[in-house]
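Here's a quick briefing to read alongside the model. Have the sequence and the 3D view open as you go through the points below.

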Amino acid sequence: MRARELDVRQTEPGAKSSTSKLVSLIPYAAVAVAAVLWLLSLRGLDLRQMNDYGLVSVLPPTYFAALAVIIASFAFAINRREVPDWVLLLHVVVLVAIIYGTPSLAYGSLRYSWAWKHVGMVDFIQRHGTVDPNVSSLADLSANQNWPGFFTLGALLTEAGGFSTALPIAPLAPLFFNLVIIGALLLILGAFVEDRRVKWLAVWIFFLANWIGQDYFAPQALSYYLFLVIVGICLTWFSARPRSHLRVAGAAGTPGRFEGWWGRLSGPPYGSDHSVHESTPLQRVALMAMIIASFAVIASSHQLTPLAAILSIGALVVAYRCSARSLPVLMGVITAMWTAYAAWAFLSNNLQWILHPFGQLNNNVSVSDLSRLSEAQRVVALTARGLTLLVGALGLAGLVRRWRSGQRDISYVVLAIAPFPMLGVTSYGGEMAFRVYFFALPYVAFFAAALFYPRLSASSSSWRMPAVVAAVSLLLASAMLLSYYGRERMNYFTPEEVAASDYLYSHAAAGSLIIGATYNYPSQYRSYEQYSQTTLAGQGVTRGQLQRLSTSPGDAIDRLVTTGNYPAVYIIITRAQKAHIEMDNLLPPGNIDRIEQFLKQSDSFKLEYSNRDAEVFSLVRQGGAR
Amino acid sequence: MSRHYQWPIAIIVLALAADLAVVADVHVAIRAVVVLSFLVVGPGLAFVRLIGFTSGYVEYTLAIALSLTLDTIVAETLIMARLWSVSTAMAILVFLTLVGVVLQIVSPVPLGQRTGEE
């Protein structure tokens, strides 16, 4: 028997009493109340007071009230058959706005230093009208020059929108991408899941557990969205049918050998997960054209997502869940062509370190060392890992529960497992384990939701299930806020910090060396290729260099400024850089302040610009830094 | 007005308004809203409606994804070919959109209904 479920809305017809009509209005009112409370909570936030627990440390009670109201209302509404889908959608939209829209709307500046660098990549395209795969002034951005898809879109949106820089549109990226991902998730879940409670709860859990933060103005955000849409199309319109040659392998009326064991595993006739969404050949041609075009955009935008897509669609094909059997091969060819032709400049210069982690599973699985973090940051990191494990455990329990009730969701199982081989390919800067979670999350969220509603049944007036959904949602939301907002003390840049960077890039001559305390400041967003950039204590600095900086800052700085023949040298020290140093314990406590004092007292440096959050020093020529 | 023409006309108006906003360089507040709305849904909606889905969220999800895909392909092609100009990019996207809309108008039955399956 197929495990397809009927829509709960089709059950329990009956007259409504006036009381039940009033009760049915609760979700509508709650959405409005939550939205108003949230908007009120954005006023007058003292973001400068954030501590190492991040944004949660300064959010007002109205914010948490908004979250509590929308969670309680969703838990209530999802169990009520009379609540239409669009009201559930409104709940998800408000949840997305509350969690993912708050930094965008409250900060007034672009958050996260990498987003500023990506604005710089768009700026490069705007100024030059092209990309330069061979530009090597900054290795981090040379990858972007070789995979420029997202940035060309950014340039189009910026210039067509009438802006001189991507800074006005970039802060909206997290809100935009999370909102459009709702549709992609519904496409994936709509392929097989007809119990709308499971579908909406899976979407809900996804947004309560997506703490990875890959939704900012970056190629990953666009690629992830297109990746989800491609998977959704494959599941909905290219779901494989039982293959006749497998059937004839056995005696008449009995299953073939392959069909026999696979049939037992996946459930008759080939699992419950064959889409009923009919399509014509012409529709499928049009959809396949869209898949190929979207994948081409992914392949030209991001290094990791093509691999995730090939693994995911390949796994569906191997499991007889996708009839587009040559699609993974085509995806591989497109990826190889882009890498070998358009991205060869990057590949040839970086092949050694790209291939080095291949097969080193232990190293690639390992995540960042917590021992160096501040105590609060350890709590944040452990909470994020706890959230990951909790969602994984809920998903596993949901899978077991559905499996035991005879429901074989093979498509979602293989899609949840498919990203794991990426662990054997690269460490991706130590965050591969989290990216695997990111790519598996939609399907894990489905199984987690299915734990609560393993089979279709009529909605009841019982308070138990709404209470359980609300309690689990509150638990997830608590962990999510700490995990997603936990590094906002350093991700947030005050207007004064932005002003200091503006001063720096307005005054620094082309060819200058710009030294940040770390890379965590609004950097490289203007004319980035014209400057050399380095840091005192940031990424790529060795422990020996850090020790030298602590014991003898003059020597350490001197070594940096004498590495090349620069027309000018600037050092910028900001509040967010200090937060970064403190949170990640990059330098012993007080050291960055001592370095600041050294620069102020040194005859070799002049304080060019200062405000309460930032200082810009310039090297006075002759005699180096001492 | 027949429902058959409502969406095509809406898409045409949005496309032409967006192109006009770029060419005439209207105030950034108006230009941003009109142009970004078009770029996010316009080109995709012109073609996705041609395919003929009955579900609203499916149509809009695919329309946004296809719009961003077409936007990126057009922009990236021009940039890689060193022919970048925002006016050219907009003209190509508006042209593609109009092609999709014209096909919608002249096609009496969407692709999904050719065999009566959808």
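In chain A, take the contacts between residues at least 6 apart in sequence: 78% of them join residues at least 24 apart. Keep in mind that this is a predicted model. Chain A comes with 28 helices and five strands, while chain B has four helices and zero strands. The two chains bury about 3,500 Å² between them.

**Chain A overall**

- Of the 626 residues in chain A, 60% are buried.

**Chain B overall**

- Reading chain B from the N terminus, you go α-α-α-α.
- Chain B has 118 residues, and 47% of them count as buried.
- For contacts in chain B between residues at least 6 apart in sequence, the share joining residues at least 24 apart is 61%.
- Chain B exposes about 5,300 Å², and 70% of that sits on carbon and sulfur atoms.

**Where the chains meet**

- The contact draws 44 residues from chain A and 39 residues from chain B.
- Carbon and sulfur atoms account for 74% of the roughly stated total, the about 3,500 Å² that chain A and chain B bury between them.
- Five elements of chain A each supply at least two residues of the side that touches chain B: helix H8 (149–160), helix H9 (173–190), helix H11 (219–237), helix H14 (281–299) and helix H16 (327–342).
- What kinds of residues make up the side of chain A that touches chain B? They divide into 29 nonpolar, 13 polar and two charged.
- Go looking for salt bridges across the interface of chain A and chain B and you get zero.
- Polar contacts do turn up: twelve residue pairs between chain A and chain B, with both residues at pLDDT 80 or more.

- A:Ala309 sits in helix H15 (residues 305–318) of chain A.
- Leaving aside residues up to four places away in sequence, A:Ala309 touches A:Phe227, A:Phe295, A:Gly314 and A:Met331.
- A:Ala309 and A:Leu226 are 83 residues apart in sequence, yet their C-alpha atoms are 9.8 Å apart in space.

**Positive phi without glycine**

- A:Tyr320 isn't a glycine, but its phi is positive, at about 55°.
- You'll find A:Tyr320 in the loop between H15 and H16 of chain A.
- A:Tyr320 has a relative accessible area of 13%, so it is buried.
- A:Gln524 is another residue other than glycine with a positive phi, this one near 60°.
- Where is A:Gln524 in chain A? Look in the loop between strand E1 (513–516) and strand E2 (532–535).
- A:Gln524 counts as buried because its relative accessibility is 0%.

Terms used
Residues numbered from 1 in each chain as written. Chains lettered and ligands numbered in written order. Predicted model: local features only at pLDDT ≥ 70, side-chain atom pairs only at ≥ 80, totals over all residues. Heavy atoms only, no water. Contact = heavy atoms within 4.5 Å. Buried area = accessible area lost by both parts, 1.4 Å probe. Salt bridge = Lys/Arg side-chain N within 4 Å of Asp/Glu carboxyl O. Polar contact = N/O pair within 3.5 Å; in protein donor to acceptor, adjacent residues only side chain to side chain. Nonpolar A, V, L, I, M, F, W, Y, C, P; charged D, E, K, R; others polar. Buried < 20%, exposed > 50% of the residue type's maximum accessible area, 1.4 Å probe, protein only. Areas by Shrake-Rupley, 256 points an atom, 1.4 Å probe, with all protein chains shown as cover.
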